[in-house]
Amino acid sequence: MTLTHLFEEEGDYTITLTAAISDGVNGCESTHSVIIDIISAPDVLFYPENYFACAGEEFYFSAPENPEGTSYVWHVIDTAGVVLDSITNSEFAYSIYQIGEYTLSLTASFGEGENRCSDTYSIMV
């Protein structure tokens, strides 16, 4: 048996499993509980100062405020899906010299190992 649940708020939750066997005469029951810590995924919604620019003008971007220790990766992607640049700061400025449409993507990650949460948001400029 598999049970899934979507936690909508961060916090500590107690998960309890009770297994019972009954043969009609004797019964046996066992219970086990664990406490899990649900952390929020980092906020990745960003809005550029402008969605349109002349070739060579800079786009300025800033990640939303997140907990200390959050890591960021920005990608600038052309229409063929080629990553033109990757930046690992919470803020950056980027100039595009070829006329066209580009996807700008931010992935933010928080936590360590199995407790790591990531989220990605992309816009087209």
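Q: Buried means under 20% relative accessible area, exposed over 50% and partly exposed in between (1.4 Å probe, protein chains only). Which of these does Ser 105 count as?
A: This is a predicted model, where local features need pLDDT of at least 70, side-chain atom pairs count only at pLDDT 80 or more, and totals for chains, interfaces and linings use all residues. Residues are numbered from 1 along each chain as its sequence is written, and side-chain values use heavy atoms, leaving out hydrogens and water. Ser 105 has a relative accessibility of 6%, so it counts as buried.

Q: How many Å separate Cys 28 and Leu 17, C-alpha to C-alpha?
A: Cys 28 lies in strand E2, residues 27-38. Leaving out residues up to four places away in sequence, Cys 28 touches Ala 19, Ala 20 and Ile 21. As for Leu 17, it is eleven residues from Cys 28 in sequence, and the C-alpha to C-alpha gap is 14 Å.

Q: Where is Pro 67 found, and how many Å is it from Pro 42?
A: Look in the loop between strand E3 (58-62) and strand E4 (71-77) for Pro 67. Pro 67 has a relative accessible area of 40%, so it's partly exposed. Pro 67 and Pro 42 are 25 residues apart in sequence, but in space their C-alpha to C-alpha distance is 7.7 Å.

Key:
Helices (H or I, at least four residues) and strands (E, at least two) are DSSP runs, numbered from the N terminus. Contact means heavy atoms within 4.5 Å.
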